[in-house]
2 protein chains.
Amino acid sequence: MQPDYFIERKMRPIGFCHAFAVEIHRVIEHAPLLEGFTIAEITELGGFMPVYEADAGACIIGEGEVGDFMVLIISGAIDVVRLDRFGHSSRIAVVRGGHSLGEMSMIDGEPRFASCIALETTRFAVLSREALTEVIQTRPRLGARILIKLVHILSQRLRNTSMRLVALQESTRS
Amino acid sequence: MQPDYFIERKMRPIGFCHAFAVEIHRVIEHAPLLEGFTIAEITELGGFMPVYEADAGACIIGEGEVGDFMVLIISGAIDVVRLDRFGHSSRIAVVRGGHSLGEMSMIDGEPRFASCIALETTRFAVLSREALTEVIQTRPRLGARILIKLVHILSQRLRNTSMRLVALQESTRS
């Protein structure tokens, strides 16, 4: 990740995640990535996760871009949209505080599947592939905890997406 | 996982994964779970992964069952099938040596999404949630490597499934 990626997009760096540990802990019941983490663990992890603030309309992630980071929404709301084959923007989801986005490209380095646009003033913490690698190498237990969470999140999302695909396949067949 | 789960289903325990390290290393270019692992690492991991042999027709994983293990196919072929809403069995994929199955339930403990039936004599190594937890606790670096691989596999599968869902949604809309 280029350090100025967010700044070029007019998003404001507002510190590191540990400064927001209490705020994050408050949304944690909706935060699969950090569910069950203590404030101490969030604080430990926090040094690896810079926090930015984006205005409504800011493009945090652009479809098709190469990206190597994921974001954890602390507050605000993000529109997840994708262009259909006619070039029309189609909403996939609206995602709020606690949820994370962008895991797939952070992991596999392939182009972003969808765009993520702030719907209102939104604060989010960034976890880059480089930072995750460093956490795994220097704090293996914390690294393993995050990896287990990522595996959970992806597994749940894969299950939901597979269910939707199967339901749609069946409805188009009948 | 009940230790007799496979034996009750008439599958034969044939040792532990390290006895098959060379065989596994041979299919490894098709094995996303262990890609890049050395024979020494596979051997280290092997003690946590018992290997079974199933005859054609054996049901290794049953749709809707509660399961807490994944399998890595060493040789043979497995039919992945799911019942549609009319009760007809519908093939999702045929999976061969090197590939893994059952990750979702191993991770989240929810019912199996599909059944996995041996199409021919098939050898597979089993990784249970309990064994993975032990690897993570006692060999954190090896544990982190496996978790990273799982994250990769799930991410790729989620990307592919999402692409298929979007393509089908667009074709039904037009």
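User: What is the handedness of the crossing of H5(A) and H6(A)?

Analyst: Keep in mind that this is a predicted model. Here we're looking at helix H5 (residues 129-138) and helix H6 (residues 140-173), both in chain A. Their crossing is left-handed.

User: Are H5(A) and H6(A) oblique or roughly parallel to each other?

Analyst: Two packed helices get described by the angle and the distance between their axes. For H5(A) and H6(A), the axes come within 5 Å and cross at roughly 130°. Roughly parallel would need an angle under 35 degrees and roughly antiparallel one over 145. The two helices are therefore oblique.

User: How many charged residues does the contact of H5(A) with H6(A) have?

Analyst: On the H5(A) side you've got Leu132(A), Val135(A) and Ile136(A). They meet Pro140(A), Leu142(A), Gly143(A) and Ile146(A) in H6(A). By class that gives 6 nonpolar residues and 1 polar, with Gly counted as polar.

User: Over in chain B, which are the edge strands of the open sheet?

Analyst: The sheet has 4 strands with antiparallel pairing, in the order S3-S8-S5-S6. From one strand to the next, the twist averages 30°. An edge strand here pairs on one side only, and that picks out S3 (59-61) and S6 (89-96) of chain B.

Methods. Residues are numbered from 1 along each chain as its sequence is written. Chains are lettered from A and ligands numbered from 1 in the order in which they are written. This is a predicted model: local features need pLDDT of at least 70, side-chain atom pairs count only at pLDDT 80 or more; totals for chains, interfaces and linings use all residues. Two strands pair if DSSP finds at least two bridges between them. Axes are lines fitted to C-alpha atoms, for helices over the stretch in contact, and angles run from 0 to 180 degrees between N-to-C directions. Angles under 35 degrees count as roughly parallel, over 145 as roughly antiparallel, 65 to 115 as roughly perpendicular and the rest as oblique. A crossing is left-handed if the near helix is turned anticlockwise from the far one by less than a right angle, and right-handed if clockwise. Two residues are in contact if their C-beta atoms, placed from the backbone, lie within 7 Å.
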